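Subject: Structure for you to look at

Hello,

Here is the structure I promised to pass on. Please open it first, then read my notes below.

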Amino acid sequence: MKRKIYVFDTTLRDGEQVPGAKLNLEEKLDVAVQIAKMKVDMMEVGFPSSSQGDFEAVKAISEKIGQEVCIAALGRAVEADIDAIYQSIRKAQDPLIHIVLGSSELHVSKKLQKTPEQIIEIGAASVKYAKQFLPKVQYSLEDASRSDFEYMWKTIEAVVKAGATIINIPDTVGYAVPEQFGNLIYRINDRLKNLDPNVILSVHCHNDTGLATANTLAAVRNGADKVECTVNGIGERAGNTSLEEVVMGIKLHEDYYGGYTTIDTAKIYETSRMVSATMGLDVQVNKAITGENAFAHSSGIHQDGLLKSKDVYEIMDPETVGAPPMELVLTARSGKHAFLYVTKRLGFEIPEEHFPEVFEKFLQLADRKKEVYDNDILTLFKCCPNVKSVFDKELWQLEEYQMTATSTLPTATVKLIRGEKQVVTSSSGSGVIDALYSCIMEAVQEPVELIEYRINNLSRGKGSLGKVTVQIKHNDKLYQGKAIEQDVMEASALAFINAVNKIILDEE
Ligand code: KIV
Ligand code: ZN
């Protein structure tokens with residue numbers, strides 16, 4: 001029988017420890033609300049004794065979403081920390097006190113400067129103290145993966161007897177390797193389930209050698225009931241276990257892991273983008289599950305295979321994680337099939353007898369631009385009188401734009417065309433891009449919200465790559481547009497227009 005694996009999100013505690021990612025109270029509340037949408041089982045939202053600001057944020061989050069999700073907060077094994085945790089989370093319906101104390105020789109003798117026996121006593125006393133306030137107490141043995149096994153077990157026995165309901169085994173410095181860590185969890189689980197089968201065994205891994213996900217999954221395979229993770233894997237140094245990787249790893253191999261999570265995976269992508277934008281931490285383009293290229297295919301061989309059958313090169317449907325549909329990036333290496341697929345998606349029919357000449361023009365364009373986006377195809381076909389659009393809905397194209405960048409009043413004017421229709425709009429904004437996007441939004445009249453905008457300057461002479469993600473207000477669907485142009489503003493405008501055109505095509 002498959003068991004439920006609890007997902008404990010610590011984006012707002014361990015994740016927020018990333019330098020430069022500190023959030024204010026409003027931002028923390030927004031992120032907490034977004035993370036709750038994924039239906040995580042537990043959410044650790046701060047370290048209340050560390051500052052008044054952290055205390056207030058934990059309290060505010062507990063009051064706002066504490067009726068929907070178990071709220072946890074962290075502290076050391078000292079009464080003042082436990083008092084602060086209790087005061088900040090007590091309004092939540094299902095609050096959890098999380099206590100951390102080192103268990104490795106390095107922590108016990110060097111950092112804490114105590115004897116091993118003293119540490120066990122302090123740990124057990126802190127759990128007893130916390131239990132006066134709340135029924136749920138998690139005890140973390142910091143640096144567990146570098147601790148002596150029998151000493152660790154003595155500690156676990158003592159804190160479970162004192163009332164701990166969750167035992168957390170952290171690989172604090174990302175030192176573990178999957179086989180050994182799996183074996184460690186197996187041995188602890190074996191004894192723990194004999195000691196008290198109701199105590200939850202949890203793991204918390206760091207990614208210093210890129211093994212956080214592998215270690216966490218090895219632990220699940222070997223009996224861990226709960227995984228601690230962060231959105232996009234953010235956290236101290238190289239980060240924590242990434243929530244999306246572990247959740248999707250388990251989902252793809254439920255039989256192998258003998259477990260399942262109850263995460264609403266369709267909310268993963270949106271949450272990843274929101275956390276990235278709010279914390280100002282970019283998601284690596286090739287990041288598993290949530291990276292921009294996670295569902296993009298550019299090699300001709302792969303594109304051909306995918307077009308024959310998606311499962312040839314796709315192990316999960318992007319929609320499962322709420323990501324925009326798979327993207328075929330057209331390059332000079334794309335074959336005829338991929339080119340035809342994209343042109344058909346854009347509503348064009350190329351008469352067979354004209355195909356060689358049109359494809360040749362595409363290859364020349366691809367050689368020049370390296371990556372060819374939807375607006376490039378629309379422009380290309382303007383010069384191909386034999387290629388006809390078979391859609392009754394036309395797509396938006398950028399005809400002209402003008403911008404004035406001043407420190408006080410940045411303004412923009414754009415002229416867009418759609419079939420016979422021409423629309424000219426003007427707007428001011430907080431910056432020129434803001435003004436430009438206000439113009440486009442007014443012109444296209446689609447109910448969208450801008451979620452993400454990025455501009456990457458490619459190497460000298462190769463122009464700029466604009467990337468935009470927009471979300472439809474009424475159904476939360478995400479669409480992405482990209483464009484490469486010499487001019488930054490043009491790349492930005494066209495990326496937005498490409499995203500809007502994708503919405504129109506989806507409606508088709
Ligand atoms: O990495 C760590 O050991 C921690 C503990 C507080 C669980 O973050
Ligand atoms: Zn940690």
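Aromatic rings come first. This is a predicted model, and a search of the whole structure finds 11 aromatic pairs. One of the pairs is Tyr437 with Tyr453. A pair of aromatic rings is described by the distance of the centres and the angle of the planes. Here the centres are 5.5 Å apart and the planes stand at 90 degrees. The pair is edge-to-face, because the angle is over 60 degrees.

Where do Tyr437 and Tyr453 sit in the chain? Tyr437 belongs to helix α16 (residues 432-444), and Tyr453 to strand β18 (residues 448-457). The two are 16 residues apart, so the pair links distant parts of the chain.

Their surroundings are worth a look too. Tyr437 is buried, because its relative accessible area is 3%, under the 20% cut-off. Tyr453 is partly exposed, at 26%.

There is also an aromatic cluster. Phe339, Phe355, Phe359 and Phe362 form it.

Now the helices. Helix α5 (residues 116-131) packs against helix α6 (residues 149-161). The angle is about 25 degrees, and the axes are 9 Å apart. That angle makes α5 roughly parallel to α6, because it is under 35 degrees. The crossing is right-handed.

Which residues of α5 and α6 make the contact? From α5 come Pro116, Ile119, Ile120, Gly123, Ala124 and Val127. From α6 come Tyr151, Lys154, Thr155, Ala158 and Val159. By class, the contact has eight nonpolar, two polar and one charged residues.

Best wishes

Technical notes: Residues numbered from 1 in each chain as written. Chains lettered and ligands numbered in written order. Predicted model: local features only at pLDDT ≥ 70, side-chain atom pairs only at ≥ 80, totals over all residues. Heavy atoms only, no water. Axes fitted to C-alpha atoms, helices over the stretch in contact; angles between N-to-C directions. Helix = DSSP H or I, 4+ residues; strand = E, 2+ residues; numbered from the N terminus. Parallel < 35°, antiparallel > 145°, perpendicular 65-115°, else oblique. Left-handed = near helix turned anticlockwise from the far one by under 90°. Contact = heavy atoms within 4.5 Å. Nonpolar A, V, L, I, M, F, W, Y, C, P; charged D, E, K, R; others polar. Phe/Tyr/Trp six-rings, centres within 6.5 Å; stacked < 30°, edge-to-face > 60°. Buried < 20%, exposed > 50% of the residue type's maximum accessible area, 1.4 Å probe, protein only.
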